[in-house]
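Work through the exercises below with the sequence and the 3D view side by side. Try each task before you read its solution.

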Amino acid sequence: MAPGRPAGRTMTALLLRIAVIAVLIGFVWLGLRRIWRDWQGHFKASDEAIHRRDLEERRRPDVITLERDKDGTFRPPGKDD
């Protein structure tokens with residue numbers, strides 16, 4: 001107990017500080033969760049766009065799919081040297 005203060009006021013001030021700190025921690029936690037979810041959604045959308053682009057490129061007639069040969073070199077399919 002602080003000198004010159006009644007016991008009830010000291011306890012009230014302590015509880016008020018704890019409540020304010022708890023509210024601030026809650027706001028920070030909710031803000032971080034929202035930021036985390038926004039970034040996850042952004043990266044997921046970006047990955048889906050890249051995947052769609054890759055699938056469209058594979059359908060083009062001028063794109064060749066390479067296969068790994070026995071020696072580890074990538075070559076067009078059907079070319080055995």
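**Exercise 1. Find the partner of Arg-53 in a salt bridge, and give the distance between the closest N and O atoms.**

Solution. Start with the test: a salt bridge is a side-chain nitrogen of Lys or Arg within 4 Å of a carboxyl oxygen of Asp or Glu. Arg-53 forms such a bridge with Asp-54. Their closest N and O atoms are 3.4 Å apart.

Before going on, note that this is a predicted model: local features need pLDDT of at least 70, side-chain atom pairs count only at pLDDT 80 or more, and totals for chains, interfaces and linings use all residues. Residues are numbered from 1 along each chain as its sequence is written, and side-chain values use heavy atoms, with hydrogens and water left out.

Next, check the cover. Buried means under 20% relative accessible area, exposed means over 50%, and partly exposed lies in between (1.4 Å probe, protein chains only). Arg-53 has 45% relative accessibility, so Arg-53 is partly exposed. Asp-54 has 28%, so Asp-54 is partly exposed.

Last, widen the view. Arg-53, Asp-54 and Glu-57 are linked in a network of salt bridges.

**Exercise 2. Which residues form salt bridges with Arg-75?**

Solution. Take Asp-69 as one partner: its side chain meets that of Arg-75 at 2.6 Å, N to O. Then take Asp-71: the closest N and O atoms of Arg-75 and Asp-71 are 3.2 Å apart.

Asp-69 is partly exposed because its relative accessibility is 22%. Asp-71 reaches 53%, so Asp-71 is exposed. For the whole structure, a search finds five salt bridges.

**Exercise 3. Classify the aromatic pair as stacked, tilted or edge-to-face.**

Solution. Two values describe a pair of aromatic rings: the distance of the centres and the angle of the planes. Rings of Phe, Tyr and Trp (its six-membered ring) pair if their centres lie within 6.5 Å; planes under 30 degrees apart count as stacked, over 60 as edge-to-face and the rest as tilted.

The structure holds one aromatic pair. The ring centres of Trp-39 and Phe-43 are 5.4 Å apart and the planes stand at 35 degrees, so this pair is tilted. Trp-39 and Phe-43 are about one helical turn apart, because four residues separate them in H1. Trp-39, at 47% relative accessibility, is partly exposed. Phe-43, at 46%, is partly exposed too.

**Exercise 4. Where is Thr-65, and which residues is Thr-65 in contact with beyond its neighbours within four places in sequence?**

Solution. Locate Thr-65 in the loop between H1 and strand E1. Thr-65 is exposed, at 57% relative accessibility.

Contact means heavy atoms within 4.5 Å. With neighbours within four places left aside, Thr-65 is in contact with Pro-76 and Pro-77. The C-alpha atoms of Thr-65 and Arg-75 are 8.5 Å apart, and the two residues are ten apart along the chain.

**Exercise 5. Is Gly-78 buried or exposed?**

Solution. Find Gly-78 in the segment after strand E2. Its relative accessibility is 74%, so Gly-78 is exposed. The C-alpha atoms of Gly-78 and Leu-66 are separated by 9.9 Å, with the residues twelve apart along the chain. For the chain as a whole, buried residues make up 1% of the 81 residues.

How values were computed:
Helix = DSSP H or I, 4+ residues; strand = E, 2+ residues; numbered from the N terminus.
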